[in-house]
Amino acid sequence: VYNYVSTLDSIVGFETAKLLKQKGFDTPCTSRYWIEDPTEDRESLAHLQINCTEGDWNSNYSHSSTTYFSAPGIEDVLEWVHKEHDLLIEGCRDYSTNKYYFVITTPKERIDGLSLGLYNTRTQAKKAAINYSLNNLV
């Protein structure tokens, strides 16, 4: 039996996938988001397809009026930001609350995400760190 919940939890969300495309993420993956017929004033509903043919869905791949976005796993993104941007992202446990926060280490600083939010799981903390990194550091 395939565990879709586990798979969905480990894949970045659509907004993160869009940010990754803007930032140059080009690692091949087997999941993708796709939207049909986006216009300037509205974006159609994003669809997620998992276990598709591995590819760089952020490249100029197009099919008719469909736009694709790579939907990588969190660990793939963590590896990419480390390799391409020298950022080390970790999910850490706050034992006083039994929740998780993130830490981002760059060559110049250490960003302690404890003051930025607590999360129920390490995965949620890593997703928040990825979004923080893409919006503020990359």
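Which residues in α3 meet which residues in α4? Let's start there. One caution first: this is a predicted model.

On the α3 side we have Ile74, Glu75, Val77, Leu78 and Trp80. They meet Thr123, Lys126, Lys127, Ile130 and Leu134 in α4. Six are nonpolar, one is polar and three are charged.

Now the geometry. Helix α3 covers residues 74-85, and helix α4 covers residues 122-136. Their axes are 11 Å apart, and the helices pack at an angle of about 40 degrees. That angle makes α3 oblique to α4. The crossing of the two is left-handed.

Look across to helix α2, residues 14-23, where Thr16 lies. Is Thr16 buried or exposed? Its relative accessibility is 7%. Buried means under 20%, so Thr16 counts as buried. What does Thr16 touch, leaving aside its neighbours within four places in sequence? Its contacts are Ile130, Asn131 and Leu134.

Three strands form an open sheet in the order β5-β6-β7, with antiparallel pairing.

Zoom in on β5 and β6. These two run antiparallel and are joined by seven bridges. Within β6, Tyr101 stands opposite Cys92. And here α4 comes back. Helix α4 packs on the sheet and touches β5, β6 and β7. The direction of α4 makes about 35 degrees with that of β6.

Follow the chain from β6 (99-105) towards β7 (110-112). In the loop between them we find Thr106. Thr106 has a relative accessibility of 15%, so this residue counts as buried too. Setting aside neighbours within four places in sequence, Thr106 is in contact with Asp86, Leu87 and Leu137.

Last stop: strand β1, residues 32-36. With β2 (residues 47-49), β1 pairs in the antiparallel sense over three bridges. Trp34 has His47 in β2 as its bridge partner. With β4 (residues 66-70), β1 again pairs in the antiparallel sense, over five bridges. Here Tyr33 has Phe69 in β4 as its bridge partner.

That's my tour. Thank you.

Note on methods. Residues are numbered from 1 along each chain as its sequence is written. This is a predicted model: local features need pLDDT of at least 70, side-chain atom pairs count only at pLDDT 80 or more; totals for chains, interfaces and linings use all residues. Side-chain values use heavy atoms; hydrogens and water are left out. Two strands pair if DSSP finds at least two bridges between them. Helices (H or I, at least four residues) and strands (E, at least two) are DSSP runs, numbered from the N terminus. Axes are lines fitted to C-alpha atoms, for helices over the stretch in contact, and angles run from 0 to 180 degrees between N-to-C directions. Angles under 35 degrees count as roughly parallel, over 145 as roughly antiparallel, 65 to 115 as roughly perpendicular and the rest as oblique. A crossing is left-handed if the near helix is turned anticlockwise from the far one by less than a right angle, and right-handed if clockwise. Contact means heavy atoms within 4.5 Å. Ala, Val, Leu, Ile, Met, Phe, Trp, Tyr, Cys and Pro count as nonpolar, Asp, Glu, Lys and Arg as charged, and the others, Gly among them, as polar. Buried means under 20% relative accessible area, exposed over 50%, partly exposed in between (1.4 Å probe, protein chains only).
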